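Welcome to a short tour of one protein model. Please take a moment with the sequence and the picture, and then read on.

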Amino acid sequence: MNAVLNHCEENSPYLLANEEAYQDWRSSKLENRGQVTPLRVFTLNAQGLLAESQLAAAQQQVEAYNFVIFEVPSRDFSKHDFVTLNRQFGLHDLDDNLGADADKVTALRVVDEADQRAQYIPYTNRAMNWHTDGYYNPHARRINAFSLYCVNQSARGGGNFLFDHEMMYLLIRDQSPELLEALMRNDLMRIPANVQNNRVIRAEETGPVFALQPITCALNMRFTSRPHNIVWKSDKCSQQALNLVREILMQGEAMIEIRLCAGQGIICNNILHGREAFQDDPQHPARLVYRARYYQAIDFARGLGAQSTV
Ligand SMILES: [Fe+2]
């Protein structure tokens, strides 16, 4: 583990040395999951926010599943409204990724082949396999949460599958602490630089699958099932650990499937997720989903009016 942990080291349940703290965290995680249903939809109020009376339930939902599904009361919900809602969840600092608009929110839709973004799967109608968002980002720009708002759903397909990264951690640690340790090594994953037309768009990045966030000590996961543009450490232990992640995803024990309707969205910590392929109907508006990525994790205490921590 590296120096980033700072004050987290002593009591974090995510460190193998802290078995007691882990067992406490594990019990409360599983208890929370037994108390709430993952597919509960929170209807926003007329201001496009969670009502004060819903905050405790939303908090428990996050602790249990690391995501909250919301629904807007009217379709008149702008990108600005979307960003304001995210701030209520303590999400303030947007990541400005390659395909994002000027407001740093990304409009995910099928783009023309001539559009440079067409080379990236999110801007096509193809399926996206398991990943966490921005796994290729440099350390200073770790993605700890993201949100989606569905303006229009496709005619067919386009559903999402979700897997709470904390549950992945729990299932691996229960099965093999040794393999979990391998997933926390800083040299496990190497993402070569993104070079286009002799220009470095993104420098090479190396890091672990599981790490602790420097300020909150919460768990961060970086993962992709894509075989391209990623080099995994090749020793036996690392490979076994990665295979265990893949196996657990295939078994799907804690997988949740959702298909957002127009006017619905999801706000989540950076959980594992993917997307089915989809087909638009030319007679109807094409699929359009807004996506916002954040450096912070969800924290209602840092909600509207609070200051950024980054
Ligand atoms: Fe994603």
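Let us begin with the buried residues of helix α4, which are His165, Glu166, Met167, Met168, Tyr169, Leu170, Ile172 and Arg173. In other words, eight of the 11 residues of α4 are buried, and the helix is mostly covered.

Before going further, please keep in mind that this is a predicted model. The average pLDDT of the protein is 92, and 96% of the residues score at least 70. Residues 1-5 are a stretch to treat with care: the pLDDT there is below 50, and this stretch has four contacts in the model beyond near neighbours in sequence. Where pLDDT is low, the predicted coordinates should not be read in detail.

Now to the way helices meet. Two packed helices are described by the angle between their axes and the distance between the axes. Here are two such pairs.

| Helix pair | Angle between axes | Distance between axes |
|---|---|---|
| α4 (residues 165-175) and α6 (residues 236-251) | about 120° | 11 Å |
| α1 (residues 19-35) and α2 (residues 55-65) | about 120° | 8 Å |

Take the pair of α4 and α6, which pack at an angle of about 120°. The two helices are therefore oblique to each other. In passing α6, α4 makes a right-handed crossing. On the α4 side, the contact is made by Met168, Leu171, Ile172 and Gln175, while α6 brings Leu244, Val245 and Ile248. Sorted by class, this contact of α4 with α6 has six nonpolar residues, one polar residue and no charged ones. Met168 and Ile172 of α4 take part in this contact, and both are listed among the buried residues of the helix.

Next come α1 and α2, whose axes are 8 Å apart at an angle of about 120°. That angle makes α1 oblique to α2. The crossing of α1 past α2 is left-handed. Which residues make the contact between α1 and α2? From α1 they are Asn32, Arg33 and Gln35, and from α2 they are Gln60, Glu63, Ala64 and Tyr65. The residues of the contact of α1 with α2 divide into two nonpolar, three polar and two charged.

One last stop is Glu253, which sits in the loop between α6 and β15 (255-258). Is Glu253 buried or exposed? Glu253 counts as exposed because it has 10 C-beta neighbours inside 10 Å. Its C-alpha atom is separated by 24 Å from that of Phe70, a residue 183 residues apart from Glu253 along the chain.

Definitions and conventions
Residues are numbered from 1 along each chain as its sequence is written. This is a predicted model: local features need pLDDT of at least 70, side-chain atom pairs count only at pLDDT 80 or more; totals for chains, interfaces and linings use all residues. Axes are lines fitted to C-alpha atoms, for helices over the stretch in contact, and angles run from 0 to 180 degrees between N-to-C directions. Helices (H or I, at least four residues) and strands (E, at least two) are DSSP runs, numbered from the N terminus. Angles under 35 degrees count as roughly parallel, over 145 as roughly antiparallel, 65 to 115 as roughly perpendicular and the rest as oblique. A crossing is left-handed if the near helix is turned anticlockwise from the far one by less than a right angle, and right-handed if clockwise. Two residues are in contact if their C-beta atoms, placed from the backbone, lie within 7 Å. Ala, Val, Leu, Ile, Met, Phe, Trp, Tyr, Cys and Pro count as nonpolar, Asp, Glu, Lys and Arg as charged, and the others, Gly among them, as polar. pLDDT is the predictor's confidence in each residue, from 0 to 100. A residue is buried if 20 or more other C-beta atoms lie within 10 Å of its own, exposed if 12 or fewer, and partly exposed in between; C-beta atoms are placed from the backbone.
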